[in-house]
Structure formats: C-alpha cells, structure tokens
Amino acid sequence: MGSFGEMHANLVTRSDEVSIEKECNRSAIEFAVKDLLLGLGEDINREGIRKTPFRVAKAFSEGTRGYRQNVKDIIEGALFPESGLDTNKNGHGGGVGGLVIVRDIDLYSYCESCLLPFQIKCHIGYVPSSQRVVGLSKLPRVAEAFAKRLQEPQRLADEICSSLHQEIRPEGVAIILQCTHIPFPRDSNHKGWVKILVSSGLGVFENKNDEIWSDLFSLLKFRGIDKDKVGVLKCWCPSSKIEASDYSPIMVNAVSSIIKSLGEDPRRKELVETPSRFLKWLMNFQCVSNIDVEMNGYGDSFCNTNGEVKIYSEVSIPF
C-alpha cells in the first residue's frame, strides 16, 4: 500500500479547485449519455428524457468529486492537543490512549468494474498518539473523499486507512467496510445484492491477529459484523465474470468518454473492460416494440362457468 501521495488519483488543494462542471467536463458526459439513450432506442427529445443527460452528468460530477478533494485540507486545523494522552500507553477499551471509534458512516461509491453504485457502511477506529486527537466530524469527510471516486472495496479501505495514518500520525488506524453492490442481470454469476466485508489496518492494527482487533470487533459485533467473514468474497463485482459481448462502438466510446471526463484513464487495467460491463447491464433496458403483454385477471378467459370472475395473481416479483 503506497503513501497517500502515490494513490491512484491526483489531488489538488481546494484553493486551486475549479467548478465541478468544468473539471468533470459535464458537457462531454451529456453528449455521451445522449449516445447511450439513442443506442437503447429512446427518443432523446421525449419529455421524460430531455433533461436526463444533464441529470446524469450532474450525478456523476457529484458522485466523483472526491478526485478534487485533498485530505490534508480536510484534517488541517482539526487536530487538537490533548495533554491527558499518554504516548507510552495504548489502552484498548478506553481512557488514556484508548481506542476511538466512529461507526455507521453511510457512504456510496461507483464500482470501477461496471460503473454501478454500491452502498457502504464504514467504521473507523484509531488509537491517538503524540498527544493529539482529530475532530470526529472529519473522519466521515475523509472517508467520503475516497468513496466519491471509481472504487473497489479493498482499495477504498486501504486508501482511507493510509491517508488517516499519514495525516493524523496515531498509534494505529483500522477501517472496516460493509459494502453492498446493486444487482446485475439474471445471467450473471450472482443473484440479488452482493455483500462483502473488508478491513484495513496500520500501526498497532497492522497484525490482523492482534488483540486490539478483537477489541474493535467486539465493539462492532452487535452491528452484525463477524470477524471471520472479512474479505471472504473473492469475486466482488457481479459483472467481473460475465461473457464478453459485442456492442455498438458508439456506445462503447460513449462510456469510455464518461470515464475520461471524470478524470480517470479508460486504459487503466481495472477500467479496460468497464464499458462492456456497464453496457451489459444497460442493455437490459433496451426499448423493444410490438410486445404482446398478457395481464393476469384480464379478459373473459378468467371467468368460470357460472360467470364469476376469478383473479389470479403473482406476488413478490423481483426486478
């Protein structure tokens, strides 16, 4: 795990930030979305669709603003001296030099494998040192700065952990993420929502078998977190093993254009197959005409010999 300055996104200071619209090239994203809608067979001038490209570009801009945030700017000014901290003592359960936990931080991110969103429940623990502590409200902001990028769970946990360890300089930092991926088409390898639990630790948390991890998990156990289930799902994104398909070059280029407009490199190893995976999901919503829809409970065929109407229904249909 490299240093904070070596991570996959180039960060700028807030004073150097330009508007999100210019930074993300939202106009390019809007043109790309129009190409995708046309590829689906949609009328881009239809009332309900006309503003969709603008809304999608706005959502992507907001959802990836972490590329334009600097963790040092977030934490700077929020480090406070605490004379009561004993730098030679690391109590695990509380008190002097004890374990500080901020839990249940709700985040979302975009999966770099398929561009679909995934939900995150983030828990952060750290042991202060150097007689200073950080304002607790800054920890969720640091986690969000890394979540609002194209991500995958383990790297997200590592980046949050590494940045906090470098900027706060505590005895140790631990990150636990509960991630839930949106369902993929029915012919993928996973059915329904995909969940994974990952962790990352530095300093006194570097050894995953150390007693301090047991203390941390015991405090989070009632949140449904099982230490034995950390990182057991090797295939995180449900799109990772789908069969390759041939899609319109215009649509493939449109998705690549979106990725590039966000400030990422579509040629990066982890993103090369992303356009095809995203289109695999998107094409499930392709407009199809001339479909004969049979509705349950409609027509004389549902009447019995006495003329009484019977209603047939099917419930709990997932889609």
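Predicted model: local features only at pLDDT ≥ 70, side-chain atom pairs only at ≥ 80, totals over all residues.
Strands E3 and E6 pair in the antiparallel sense over 10 bridges; two strands count as paired if DSSP finds at least two bridges between them. Residues are numbered from 1 along each chain as its sequence is written, and side-chain values use heavy atoms, with hydrogens and water left out.

**The sheet**

E3 and E6 belong to an open sheet of five strands in the order E5-E2-E3-E6-E7, with mixed pairing. Strand E5 (150-151) and strand E7 (194-203) stand at the edges with a single partner strand each, so one side of each is left without a neighbour in the sheet. Strands of a sheet pair through backbone hydrogen bonds, either parallel or antiparallel.

| Strands | Sense | Bridges | Residues opposite each other |
|---|---|---|---|
| E2 and E5 | parallel | two bridges | Cys111 and Gln151 |
| E3 and E6 | antiparallel | 10 bridges | Lys121 and Gln178 |

Strand E6 is mostly covered, with nine of its 10 residues buried; buried means under 20% relative accessible area, exposed over 50% and partly exposed in between, with a 1.4 Å probe and protein chains only.

**Helices beside the sheet**

Helix H7 (residues 211-220) lies across E2, E3, E6 and E7, and runs at about 45 degrees to E6. Axes are lines fitted to C-alpha atoms, for helices over the stretch in contact, and angles run from 0 to 180 degrees between N-to-C directions. In helix H5 (residues 138-147), the buried residues include Leu139, Val142 and Phe146. The buried residues of H5 pack against partners that include E2, E3, E5 and helix H6 (153-168), contact meaning heavy atoms within 4.5 Å.

**A helix pair**

The axes of helix H2 (residues 26-39) and helix H8 (residues 249-261) come within 9 Å and cross at roughly 155 degrees. That makes H2 roughly antiparallel to H8, since angles over 145 degrees count as roughly antiparallel, under 35 as roughly parallel, 65 to 115 as roughly perpendicular and the rest as oblique. Among the residues that meet are Ala28, Ile29 and Leu36 in H2, and Ile250, Met251 and Ile258 in H8.

Key. Helix = DSSP H or I, 4+ residues; strand = E, 2+ residues; numbered from the N terminus.
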